[in-house]
Amino acid sequence: MWHITKREVYDNLNSLRFALTTVLLLALMVTNAVKHLREHPERVQRYRDAVTESLNHLTDRANDSLYTLAQYGPGNFYKKPSPLHFCANGGESLLSDAVEVDEPPVFMTDAEGNRLLEGIWSLSYPDANLHNKDVGPNVSQVDWAFIIGSILSLIALWFTFDAFSGEREQGTLRLMLANSIPRHTVLIGKFLGALLSISIPFALAVLVNLLLISTADTVHLTTEAWGRLGIIFALALLYTSLFVALGLLVSARVQQSAVSLMILLLMWVTLVVFMPSTLASIASSFSPAMSFDEFWKQRNPIKEDLWDKYKEGLGSSELDDRKLRAKSEFYTENAEREERWQEERLRYRSSQVHRARAITGISPATLLQHLIEAFAGTGFERHLQFVENTQRYARQLREFVADTDRADPESLHILGVREGMSRKLVNPAAVPRFEDTLNLSRDFNTAAMELLLLTLFVLVLLSGAYLAFVRVEV
Amino acid sequence: MLKTLIGRELLDNLMTFRFAAVLLITLLLVVANTVVLIQDYEQRLESYNDAVKMHDTQLRKAKTYSMMYLFVDRAPNPLSIFNVGLDKRLGNLMGIWHGFVPTLWDAQMHGTDNPFIAFFSSIDIVFVFEVILSLMGLIFAYDAIAGERERGTLHLVLAQPIGRGQILLAKYISAMACLLVPLVLSLLFALLLLTRSIPLSTADFLRIAGIVFTSFAYLSLFYLIGLLISVATRRTGTALMLAMFVWGFLILVYPNLIRATVNPGGNIQAGMKTAQNQIQQILNEHEQECQKFLENEIIAAETSEFSKAFGLYNDTYLDPVTLTSYIENVNFISAIPSKFEKDVPLAKRYYDFVERLTIRTIEKTWRIRKQALENIFVRQATMDRILLRLSPVGIYDAATQAWAGTDLSGLRIFFEAARQYRRVIIDYFYAKDAFASREWFVADKGAVDWSTLPQFTFERRDVGTNAKRALPDLFLLLIGNLVLFMGIVLIFIKSEV
């Protein structure tokens, strides 16, 4: 078997396609690295500036009073740019990079503009500022996901289309099978040979890419990032072996290598280019998106009955304990409802995306895209994770405010109202800070399904290739 | 003799597996995508109609001139089914008032789309053709000469008293005739589906004809590339492999690579900063002059009381990224306290002064902004497009976009119309003397009658304009065809059998 593998690799190493592949992959990977080095520091700087600003807001408010902290909350939250952005862009421009903390609403003012009734902060999920500034031609990003998903798969077909049909044409298949080697050994030998010959230029290009990226002092890769890169490389090999298996299958079934390549090309075009977008368009037309006006209309009924509920308590003219409590409850519930309404929309939209993703999962190219996104820490799942992080932090901060208030015996413990809250100074260092973290095991969990599906595809195709080759007549 | 050759080649091509496969796959892809695209278009049209209706009612709600909520909406282009271009990407909703000059960078979306869904790149018919037609051309061409050479039939053909050029011509004509079948058939299906649900005008059909002709030139170009490879190589295996590499490079790699490598000029940030400062300065001067007017006309102590009674509100805005700048003087008072009734003439004078000044100011900022936007956004995009034209895909895309009217200049017409409309509104205000009227800021003595307000109308330009923009690219494709053909003939004549 090793003999066959070795023979295949040597055969390929000397061929024109090997040289072309190496040059092509190197060019793409170098471009990818250069682009990343050019853009990533800017991205990180933008993030840092934004975070510093929002931290300043938090400290200012904490310094002012516990009440200000409870009313205005923290500053906006920003999504930490992934150091592995070069692996998968993940449609970053379509996703907002922030979760905003809305200013407290003002319900009522007197003639002088003094706020009589104002609420407390709540989270909102803004839309990304869609790329309507970009009027350039429409092209995809040169990230690893593209290089592996489109280019490497094409190369895999390029290396395997004549694996059996070519040998049959030359007559060498007969010679090989005349030896006392079982057919499955031949098949595995061919498979490994092709996979290895593709891996060599790919690994070379990846190494050059990572060398460029890691030696630059503007970008820093952590140990975890290297681990993730290892996973992505393994994914690339798995995905490539899928197309190698497909190439072997078709090559074994078809007599002429030219016909085999043509069939493979048409299959590739369908699987990689058309299926993802066409299926997604079909999927998204199942459930129409909610328009912005509809979204706003949903808000009104939520607000109206809230007002009725607390009208009585808020109406009393004296500033007594009961009114303060009514105010506090009103503010809290208003913020809660506001948040729920915002979340509802996010959930509606993400369920739409999940549905579209599930359907496009038939295409291995989309599976790979999602997997790389998951492990590179970009894309949609990552966005949801970021949103969850902010929600968790919001709860944490609210608890902190409540706990600090509870610790003060002089306070009335009525949150959200100046008169009802502790007046002690808050130590800004004690206020919890937001940290946007990524969890590798969670990423594995979200990716597990897709990973299994991709493996299944590979196994099915490999056994298909085996069956086809066993039955082949020379 | 030529006829015999063509007949033979035609039969050879038609009876092959590849012809059936290509036909099937083209039909399948075009029809499936057309159905989806039509659905998408109808959805966009519906949301456009909703938006127009909503904006109309919104406008009628406004009681004073300064509260005017006037929006114009951009209808989706039915030909975006063929090449979507920028039609879906750019905003389709634009506020119109005198203190703001609208550009395509300020446009908003109706917001019907789930932006997350846009992860999955949308495709159009031209994209299907871009990928499939080029592949078809190469698949039909790679063995045209190399195959005959391998089988030894080239000897036989050349032994006949026919010129080599004629052989090539016969091959070209017959292959193109075959390749036209899937192209035309799939387009007919698409048109059948299209005309059932979307009414198309004669001009649209002419534009579609332009797209079809361009597709034809594109297809032929790729066939010739394949033929060139076939003539230049000895073996079909090598020819096929080379053809595939060229295809992958031209279709997949080059367009994406070029956009990633081209670096926008370094001093853009600086230029943007200066433009921003200049605009900010103009806006500041505007505020000062408004202040000065108040100081000159009223006793300083009374200024705050006056502005509260008349709800004076002056907001200037400048966006650092798109340089969007506007001045808003909306007025939220419902009645004027009787104590201040005597000051109404003064308020009228104030608004008359300020609003005219606003128009002048914002037009001054527009002159700076126009230049800056051109430098920042348009120049880069234009450069990308020029470099993209080194690949036939780029030329084909540009030409079909121009035909469909979904390219940058096609869409800019709409935004120009929006700017025109703003002028019309301003003229209407002048004619009604609206700035100096009581209805400008308060509706206690009768609300504004909006029924005479001029309506916004927008017509796409005629086919001639489309043709004028598409023809250079079309010629480029045709020239490419010609050069390639001549090159092939030369190589073939000089080559040994």
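A residue is counted as buried if 20 or more other C-beta atoms lie within 10 Å of its own, exposed if 12 or fewer, and partly exposed in between, with C-beta atoms placed from the backbone. By this criterion, 43% of the 497 residues of chain B are buried. The model is predicted: local features need pLDDT of at least 70, side-chain atom pairs count only at pLDDT 80 or more, and totals for chains, interfaces and linings use all residues. Residues are numbered from 1 along each chain as its sequence is written, while chains are lettered from A and ligands numbered from 1 in the order in which they are written.

Chain B holds 14 helices and 4 strands (DSSP runs numbered from the N terminus; helices are H or I of at least four residues, strands E of at least two). Its radius of gyration, taken over C-alpha atoms, is 31 Å, well over the 23 Å from the globule rule (2.2 Å times the number of residues to the power 0.38), so chain B is more spread out than a compact globule. Its C-alpha atoms fill a box of roughly 110 × 50 × 35 Å along the principal axes.

The largest nonpolar core has 161 residues. Such a core is a set of buried Ala, Val, Leu, Ile, Met, Phe, Trp, Tyr and Cys residues joined through C-beta atoms within 7 Å. A:I232, A:A245, A:L368 and A:I372 touch the most other members. Helix α8 of chain A (residues 223-253) gives the most to this core, with 15 residues. A second, separate core of 48 residues includes B:V72, B:L86, B:W97 and B:L373.

In chain A, helix α4 spans residues 144-160. All 17 of its 17 residues are buried.

How values were computed
Expected span 1.5 Å × (residues − 1).
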